[in-house]
Amino acid sequence: MSRGDRSRDGKSSGRQGKSKIKTFKQDNTPVKKSVRSPKKIVESDEIRLNKYVANSGVCSRREADLYIQTGSVWVNGKPVTEMGYKVKLTDEVKFDGRLITPHKKEYVLLNKPKGFVTSTSPEKTRTVMDLVANASKQRLKPVGRLERNTTGLLLFTNDVDLEKKLTHHKSGVRKIFHVELERNLKFEDLQRIEKGIKLEEGFINVDEISYIEGASKNEIGIQLQSSKNGIIHKLFEHLNYSVVKLDRVIYAGLTKKDLPRSHWRVLTEQEVINLKMM
């Protein structure tokens, strides 16, 4: 999503140049620059453990010192009680058994278009990561998956705990899809889906299914909690229907309001609170 150009239109080039000079001056003097630059490169991937814990948001840096002394902080599977201990950003750090990261938690919602694979690995085909490349400097991950040709809401975050919570099979996350079939859905088949259908993947229960008001009977609204990939396609294929379009319109209380296809937005503080309270 285009978040808008951060450049300040209307400002003179002279002022912009002055801003850059200030930035450089705040680093060090020209003499120290040649001496200290190599050292900064070496230290850039290390951080004091108390700062790491504080940056994760679980407590202040002073409180982190106390937790470190009592053995509540583990690094790469071992408790660390040494004051001033430094860790690398690639190290695994746990606080009271919970994995933490030194980065600010970020939450981005994408209205996914067709033709994009839900993957974080570089591929020859287009991935959803291409669509949110400018959303954050942090490494965000998609929460769950949407198939290549499924459109709609997809959440990204670097909050590992929330990701696990939302993707757990007992999470009860509310998901509503709009389904378009190649032909009208018979009422008796709609009733069969309401009662639940047994597939190879197991017995599939839906929370609610109905014809979309004001549309033809080949357009269906379906609400379910299953996290099994492609389950809606399999559900209708079992009844000899082909899914033409599949769009996730609601996810965990989040909607597509004011979010055009292929665009993303940052969640509001209240939306984040709602997700964590689920």
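**Salt bridges and strand pairing in the predicted model**

Lys-256 is partly exposed, with a relative accessible area of 21%. Here, buried means under 20% relative accessible area, exposed over 50%, and partly exposed in between, computed with a 1.4 Å probe on protein chains only. The structure is a predicted model, in which local features need pLDDT of at least 70 and side-chain atom pairs count only at pLDDT 80 or more, while totals for chains, interfaces and linings use all residues. Residues are numbered from 1 along each chain as its sequence is written, and side-chain values use heavy atoms, with hydrogens and water left out.

Lys-256 forms a salt bridge with Asp-247. The closest N and O atoms of this pair are 2.5 Å apart. A salt bridge is defined as a side-chain nitrogen of Lys or Arg within 4 Å of a carboxyl oxygen of Asp or Glu. Side chains of opposite charge can pair when their charged atoms come close. Asp-247 counts as buried, at 12% relative accessibility. Its side chain also meets that of Arg-261 in a salt bridge, at 3.2 Å from N to O. Arg-261 lies in the loop between β16 (254-255) and β17 (264-266), and Asp-247 in strand β15, so this pair ties together parts that are 14 residues apart in sequence. Arg-261 is partly exposed, with a relative accessible area of 36%.

By the same rule, the count of salt bridges comes to 9. Another of them joins Lys-276 to Asp-159, with the closest N and O atoms 3.8 Å apart. Lys-276 lies in helix α9 (residues 269-276) and Asp-159 in the loop between β9 and α6 (160-167), so the pair ties together parts that are 117 residues apart in sequence. Helices (H or I, at least four residues) and strands (E, at least two) are DSSP runs, numbered from the N terminus. Asp-159 counts as buried at 6% relative accessibility. Lys-276 is partly exposed, at 46% relative accessible area.

The next element is strand β9, residues 151-157. In β9, 7 of the 7 residues are buried, so the strand is largely enclosed by the rest of the structure. Two strands pair if DSSP finds at least two bridges between them. Strand β7 (residues 107-112) runs antiparallel to β9 and is joined to it by 6 bridges. Here Leu-110 has Leu-154 of β9 as its bridge partner. Strand β8 (residues 141-142) is also antiparallel to β9, with 2 bridges. Lys-141 stands opposite Thr-157 in β9. By contrast, β9 and β15 (residues 243-251) run parallel, joined by 2 bridges. Gly-152 has Arg-248 of β15 as its bridge partner.

An open sheet is formed by 4 strands in the order β3-β2-β5-β6, with antiparallel pairing. β3 (78-79) and β6 (98-100) stand at the edges, each with a single partner strand, so one side of each is left without a neighbour in the sheet. Strand β5 (residues 93-95) is joined to β6 by 3 bridges. The bridge partner of Val-93 in β6 is Ile-100.
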